[in-house]
Amino acid sequence: MHGLWQGHSRRGAAVARGAKVPYLMAAHGMAEPWALRHKRWKKALYLALVESRNLRRASCLHALSRPEIGHLRDLAPWTPVCFVPNGVDLAPFDDLPARAELEAEHPELKGKFTLLFFGRVHAKKGLDLLAEALAALAADFPQLHLLIAGKDDGALAPFAARISEKGLNHRATYVGHVSGERARRVWAAADAFTLPSYSEGFSMAILEAMACGLPCVFTTACHFPEAAAADAALVVEPDAPALTQALRDLLERDPAERDRLGAADRRLVESDYTWDQQAAKLAAVYRWLSGGGAPPECVQF
């Protein structure tokens with residue numbers, strides 16, 4: 001099942017009508033409203049010339065989040081949509097290395113409460129909100145230290161400039177893009193995770209943080225209300241005051257309460273968001289498209 005899913009683009013799918021074997025194509029990046037507004041003329045042209053034809057030929061569209069169902073229907077109201085979120089392989093997040101391994105490279109992390117941002121350092125990810133929250137919380141929580149891991153996609157310089165204005169350069173560490181064992185060292189060094197994004201399809205970083213059992217703070221724009229419903233994360237609107245208050249709430253909790261939140265994260269992923277579970281749903285959609293019969297529960301019309 002895992003191999004089937006790996007052949008599918010994480011950005012989304014449309015299964016072509018009339019094809020002998022259904023195929024998958026990238027579609028989600030064009031459906032999210034923030035993404036449509038960002039570089040809007042370029043994306044409008046792409047939709048008009050390329051994607052609209054693909055959508056017209058599709059037998060089924062793939063949504064990673066519930067809001068995305070509506071976004072896709074705005075583009076192709078006649079087409080059924082299957083709702084199958086991303087999943088995560090739990091094994092890489094078990095038996096993480098000692099925290100001391102990353103602290104040896106970055107001694108400024110020793111003895112600190114390490115708040116991790118893990119992802120592409122892009123304008124849509126809300127680093128500007130995180131800069132404001134760090135500035136608001138720094139005096140009250142001197143142990144708070146921000147760890148940023150991910151490829152810089154234009155948002156690092158504005159973030160660095162903002163925290164420099166506040167005299168907080170010493171309160172943040174950027175380790176760049178990480179993968180494999182180095183990524184495991186980053187996860188192991190974190191006490192909590194945040195993703196203050198303005199726009200997401202369905203964040204792999206959130207699932208990975210939950211697989212680690214980290215307490216999480218992220219925004220409603222991450223489209224994961226199931227986490228809040230399960231009391232497995234603090235989910236707030238994408239603005240600086242809301243993010244600041246949620247982080248303050250997390251920092252003011254005692255360690256046992258934060259551990260309970262992290263344990264709820266892990267249980268949610270184990271119960272509903274492994275790759276095997278999600279791949280099984282997608283395989284059922286393929287069987288329905290190729291063989292007919294009743295549609296799977298994940299398909300909506």
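This is a predicted model: local features need pLDDT of at least 70, side-chain atom pairs count only at pLDDT 80 or more; totals for chains, interfaces and linings use all residues.

Entry 1: I began with serine 197 and listed what it touches, not counting residues up to four places away in sequence: Lys124, Lys125, Gly126, Thr219, Ala221, Cys222 and Pro238. For me, contact means heavy atoms within 4.5 Å. Residues are numbered from 1 along each chain as its sequence is written, and side-chain values use heavy atoms, with hydrogens and water left out.

I found serine 197 in the loop between β7 (192-195) and α10. Helices (H or I, at least four residues) and strands (E, at least two) are DSSP runs, numbered from the N terminus. Is serine 197 buried or exposed? Its relative accessibility is 0%, so I noted serine 197 as buried. Buried stands for under 20% relative accessible area, exposed for over 50%, and partly exposed for in between (1.4 Å probe, protein chains only).

I then checked its polar contacts (pairs of N or O atoms within 3.5 Å; within protein, one must be able to donate a hydrogen and the other to accept it, and residues adjacent in sequence count only if both atoms are side-chain atoms). The side chain of serine 197 has one with the side chain of glutamate 200, at 2.9 Å. A polar atom of the serine 197 side chain also lies 2.8 Å from the backbone oxygen of serine 199.

**Entry 2: helix α10.** Next I followed the chain into α10 (residues 204-211). I saw that 8 of its 8 residues are buried, so α10 is largely enclosed by the rest of the structure. After α10 comes glycine 213, and its phi is positive, near 75 degrees.

**Entry 3: α10 against α13.** Which residues of α10 meet α13? I wrote down Leu207, Met210 and Ala211, which meet Asp265, Arg266, Leu268 and Val269 of α13. By class, this contact has 5 nonpolar, no polar and 2 charged residues. Here Ala, Val, Leu, Ile, Met, Phe, Trp, Tyr, Cys and Pro count as nonpolar, Asp, Glu, Lys and Arg as charged, and the others, Gly among them, as polar.

The axes of α10 and α13 are 7 Å apart, at an angle of about 115 degrees. I therefore call α10 and α13 roughly perpendicular to each other.

I also looked up leucine 268, which sits in helix α13 (residues 255-272). With 9% relative accessibility, leucine 268 counts as buried.

**Entry 4: the whole chain.** Last, I stepped back. How many helices and strands are there in the chain? I noted 14 helices and 10 strands. Of the 301 residues in the chain, 54% are buried. Among contacts with a separation of 6 or more, 66% come from residues 24 or more positions apart.

Conventions: Axes are lines fitted to C-alpha atoms, for helices over the stretch in contact, and angles run from 0 to 180 degrees between N-to-C directions. Angles under 35 degrees count as roughly parallel, over 145 as roughly antiparallel, 65 to 115 as roughly perpendicular and the rest as oblique.
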